[in-house]
Amino acid sequence: MSTPRDVEITVGYPALPGLEDRLEKRTVKPAEGDAAPWDATTKFTTIGTDVDRVDGLQKASGRAKYTYDITFPGMLQAMILRAPIAKGKLKGLELDEASRMPGIGAVVALKDLGAKVRFVGDAIAAVAGTTLNHVRDAIEKIRAEYDLEEHNVDYVVATDAPLLSATGQIEEPWAEAAELEAALKEAKVTHEATYRTEVQTHSSLETHGGVARWNGNDLEIWLSTQATFGCRGELAQACKAKGIDVGTVTLHAEFVGGGFGSKFSAGIEGLAVCLLAHAAKVPVKLMLDRFEEHTTTGNRPGCLMQARAGVDADGRIVAWDWRSFGHAGFTGSGGVSVPNYYTADAKKRTAHKDLNIDADPPRPMRAPGHPQGWFGAELFLDELATKAGIDPLQFRLKNDREAIRLDQWRFGAAKFGWDAARARKNEAGARFLTGSGLASARWGNLGGAGRGTPHGITCRIHQDGTVETRSGAQDIGVGTKTMMAIVTAEELGIPVARITAMTGHTTDPSGPASGGSTLTPSIASAVRHAAFLAKQTLVEIVAKHIGVPLSEVHCAGGKVGSGTAQLRWADACKLIGPNPIDERGKRHPNYAEKPFHASQCGAQFAEVKVDTWTGLVEVTRMFGIQDCGLVLAKKQAESQVLGAMIQGVSYALHEQRIMDKRSGRMLNGDFLRYKITGVRDLPRLECHMHSIANGHDSVGAAGLGEPPSVATAAAIGNAVFHAIGVPVRHLPITPDKVLAALASKKG
Amino acid sequence: MTVPSDRGFSRRSFLKGSAVAGIATTGLTAAAHAVPAAPESFGPGRHEIALLVNGKEQKVTVETRTTLLDALRDGLDLTGCKKVCDRGSCGGCTVLMNGEPVTGCLVLAMDAVGQSLTTVESLTEGDTPHALVQNFVKCDAMQCGFCTPGMVMSSLACLQKRGKPTEEQMRTDLSGNLCRCGTYGRVMEAIQRTAAGGTGGGK
Ligand code: FES
């Protein structure tokens, strides 16, 4: 059973319809004791098939217990008092009256006197009481006094902001760059334009918050988080810093109602609930309300972007100059990324500057920096291609340097009917104009060795034939549990129904945060390794039982044995005895050899219908193709891609944080006035999972959270440009902007 | 400067007014005890009321300002319905009241006395889950799952009302439910599958 030192594998993928195979050989050296790699030739029974989400019934029945649903007898509810000013200092804080109110169990200050208030919503104090109604009554009795300072919540007028023309174009001169300028001069066609995006909030449906319970010095906390171990450590430290003698800390996040990048930190609400529970000596629950969720838990920053570029007579990009200005809150970064695979041979430059304002800082949000940068860059490319008289698809095929995506462009264009869609002319004077656009997606993460931490997985085989696969990392809705069950089933050769997958308890082996599309590639091969080790142990037991050499016993297809001496899985497991086989798998480092591809590729196509009377844009249909390495849980992967496209429609057409400049407060911090895409806005959506054996570890999976969310808004922006003949360069593409664009065309 | 610590829109004061009005008009006919000649006033303290939930009468202690959502969740531990927006704009707390979908955050618990309430938990009380719940799993009509119970209840109401709903009707009936993960298409598939199987509506 020992692993061969050198293994030849086949990486890549069989032909997409109408195209050619892209398969290559590699010789890799798996770590001692690891399973032999799966590759492009492996015949899977479970991986890549449609498997029901293993916790689907719990979720659909309403019986899944999220942090928000955890409750204990005698538990108190809590809320945070938030600063109503955008900038200043806390001058006075009077909590006594609040603590004497009926039903109040604890009141804690969260800001020291004299400390800075940095945005509307900065946490001042927290109160726990029998019901939220009691807490609200008590919070009204807190007197907080502030020294006010002047604030600014509009990054476009921040001190460092670039000069803008009346039409919103960046007017600041470009910094000198002789070679680039020369290349621009030589180019056959050049173009320059400014793009802009607005602040988007994560809008997870379960708000941030937690339930804390102290047993002496031991803290147990349920937290709505996408980083169980990170938050566990953060809270242990933060409580110690507050002078609490902290024993063990156990964190639970078995079900999490969305995160999208906003839930890496336990935040002030996480600390507050621990402090309140400690002071009240009973369990306390503190979940933010919707306004707090919109205004205090981060966002995708808005940005200004400007590009100038040129193409030669062949339509190749020869010069590319890009600069961006991103809003950061009172701290943080508003970074923007742009595609680099179109400009491999160009003289190029990119620059970015953060602009601080007195508002809630950005947090990572699904492909941080990407949807905004791709919107600007891909729309700019379409404008440039149009000037040069080249079809946008042909322009991509000429300039894109990533071979996988070149296949995806061709396959996707055929599926979508690109040529026909672009050839269709809108009738002159028609009220409704249709148009089509496309855009690329990219993300790079093969998991490394879980970012340098040797993450583990527990696999147990019980004598009743059931199997557990357990990780202390969280499943924030992407299907991590299902993926773990599928990989385990595949390795053991048994049905998924025998397997229980568990996530979210820090009493299980450590796993990474759900961020940057790292979780699956960081733990999938550890899940497999744990199952592989457990299988070896079972095989040893069976070999002894039937009296054949170990090397002759196999475990596959629901049977364990050798030749005619085969035991059914259930019978083999009966030999285990009362103590289960209990193995700990680990994430070995990626193979030293080059993977087939180090970053995930994707492409999306969109069709829109624009009402020229109202300016309303409807996305009528979209097609997306996405690679995430080897596709493990197909149905859940498709759900994730379709969901990313829906979020992209939302970002393209609806979402915008609106700030009141005078008060510094968000004006639409709810779901009535902050619109996210609903079922009425849903286009006809189709996606194709492009499964690729990357050959970087024993499984070869890459992450999927970010990549499909990169392209959508850009493809829609391009489709609107095609429909109305003028670009709308400012997200979200709302009716007013469409009407203004149409008017500019007439004028 | 002293800033009053009001956290914004104060529903407490709003509800105080509307609760009294609500009881004076509709609440009394529904109350379990005899109707007094003059409108009886409740509050501001706590009262025990009986709610008819999933066919069983259950006692729960509420204030006049307590919402049906809070009563179900905090009083009866029926945590399938979720508080997401608390303003009737997301559908996360959808339950059926006399067969009609309502958002639990916009109904006062006392106004629900005497009404027949159905929560998502009722669909898995029997030996096999309701076909709609099974089809949500089959169609993977969920990701994080936080909106899912509300989606299931709006879908159930859609099926009960329409039998075999058209796409347009499904979009109408689900238009009050928000899903951040983007499961709308698969939710509609689950409804259609259930309608085709003929089990929509019953258990
Ligand atoms: S499944 Fe996450 S909000 Fe709908």
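A salt bridge here is a side-chain nitrogen of Lys or Arg within 4 Å of a carboxyl oxygen of Asp or Glu. R405(A) and D400(A) form one through their side chains, at 2.8 Å from N to O. The model is predicted: local features need pLDDT of at least 70, side-chain atom pairs count only at pLDDT 80 or more, and totals for chains, interfaces and linings use all residues. Side-chain values use heavy atoms, without hydrogens or water.

**Domains**
- Chain A is assigned domain 1 (1-19 + 403-446 + 592-747), domain 2 (67-150 + 204-292) and domain 3 (154-203 + 303-401); such bounds come from an automatic or database domain assignment.
- Between domain 1 and domain 3 of chain A, the C-alpha centres are 18 Å apart.

**Contact and buried area**
- In chain A, 43 residues of domain 1 touch 39 residues of domain 3, where contact means heavy atoms within 4.5 Å.
- These two domains of chain A bury about 3600 Å², with 57% of it on carbon and sulfur atoms.
- Buried area is the accessible area (1.4 Å probe) that two parts lose on being put together, summed over both.
- On the domain 1 side, Y651(A), R657(A) and R729(A) lose the most area to domain 3 of chain A, together 22% of what that side buries.

- The rule finds 4 salt bridges across the interface of domain 1 and domain 3 of chain A.

**Make-up of the domain 1 side**
- The side of domain 1 of chain A that touches domain 3 has 24 nonpolar, 10 polar and 9 charged residues.
- Nonpolar covers Ala, Val, Leu, Ile, Met, Phe, Trp, Tyr, Cys and Pro; charged covers Asp, Glu, Lys and Arg; the others, Gly among them, count as polar.

Methods
Residues numbered from 1 in each chain as written. Chains lettered and ligands numbered in written order.
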